[in-house]
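My notes follow in the order of looking.

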Amino acid sequence: MELSVKFLIPEMILLATACLVTLLGLSSKDAIRKLAQVFAAGALLAGFAIAGCSLFGAMQDFASPVGAYFNPNYITLLACGIGFLSVLAAWDMPSKADPSNPDSHYRGEFFGMMLFSLAGVAMIGKVNDLVWLFIALELVSIPTYILVATGRAQIVAQEAG
């Protein structure tokens, strides 16, 4: 497989930021946990910009060699764009814990798991090997299982997790 690392720069940005955001989400201070969504939005915008530049010719060195008829940067653009809209939709998560509702506590690791899953989606379009496809599919599915189980007070979410 002759896929160079420079073709996976948007995915590497998403993965590195996902690790950072997951660690920020585990902090005991609410202000630090709130930074998780800012970093997630920034990483998605950076991935969108790099994929867009390589798609529309500003960075021809980073254009993917996988297929002549299909440019996989379209999938990266789509994943980053939908991910950014998802971050905006989840922007007003509650910041104060309500003792009567265990789900009211802000969880910053939500954004880390979402970034891991979006990085896997973006990688699916660029792989040309069965082993990398399996890794990308697992990178999509396992964080999605964790995201489903984050609703701790809901019996349906616990059963689905």
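Overall. I began with burial over the whole chain: of its 161 residues, 39% count as buried. The model is a predicted one. I then listed the secondary structure and found 6 helices and 0 strands. Along the sequence the pattern reads α-α-α-α-α-α. For contacts with a separation of 6 or more, I noted that residues 24 or more positions apart account for 66%.

Helix α2. I looked up the span of α2, residues 30-55. Its 26 residues reach 38 Å from the first C-alpha to the last, close to the 38 Å expected at 1.5 Å a residue. I asked next which residues of α2 are buried. They are R33, A36, Q37, A40, A41, A43, L44, G47, A51, G52, S54 and L55. The cover over these buried residues includes α1 (9-25), α3 (73-89) and α4.

Helix α4. I moved on to α4, residues 109-124. This helix has 16 residues and reaches 23 Å between its end C-alphas, close to the 22 Å expected at 1.5 Å a residue. I noted α4 as mostly covered, with 13 of its 16 residues buried.

α4 against α3. I checked the packing of α3 and α4 and got an angle of about 165 degrees, with the axes 9 Å apart. The angle is over 145 degrees, so α3 counts as roughly antiparallel to α4. On the α3 side the contact is made by I75, T76, A79, G83, S86 and V87, and on the α4 side by F111, M114, L118, V121 and A122. I recorded the crossing of this pair as right-handed.

α4 against α1. The axes of α1 and α4 come within 7 Å and cross at roughly 165 degrees. These two helices are therefore roughly antiparallel to each other. Their crossing is left-handed. From α1 I listed E11, L14, L15, T17, A18, C19, V21, T22 and G25 as meeting α4. The α4 residues they meet are E109, F111, G112, M113, L115, F116, L118, A119, A122 and M123.

A122. I picked out A122 in helix α4. Is A122 buried or exposed? Its relative accessible area is 0%, so A122 is buried. Leaving aside neighbours within four places in sequence, A122 is in contact with E11, I75, T76 and A79. I looked up the pair A122 and I75: they are 47 residues apart in sequence, and their C-alphas are 5.8 Å apart in space.

S117. I took S117 as a second residue in α4. Its relative accessible area is 11%; the cut-off for buried is under 20%, so S117 is buried. With neighbours within four places in sequence left aside, S117 is in contact with L139, V140, P143 and T144.

Cysteines. I asked how many disulfides the structure holds. The count is 0. C80 is at 1% relative accessibility, so C80 counts as buried. I also noted C19 among the α1 residues that meet α4.

Notes:
Residues numbered from 1 in each chain as written. Predicted model: local features only at pLDDT ≥ 70, side-chain atom pairs only at ≥ 80, totals over all residues. Heavy atoms only, no water. Disulfide = S-S within 2.5 Å. Buried < 20%, exposed > 50% of the residue type's maximum accessible area, 1.4 Å probe, protein only. Helix = DSSP H or I, 4+ residues; strand = E, 2+ residues; numbered from the N terminus. Contact = heavy atoms within 4.5 Å. Expected span 1.5 Å × (residues − 1). Axes fitted to C-alpha atoms, helices over the stretch in contact; angles between N-to-C directions. Parallel < 35°, antiparallel > 145°, perpendicular 65-115°, else oblique. Left-handed = near helix turned anticlockwise from the far one by under 90°.
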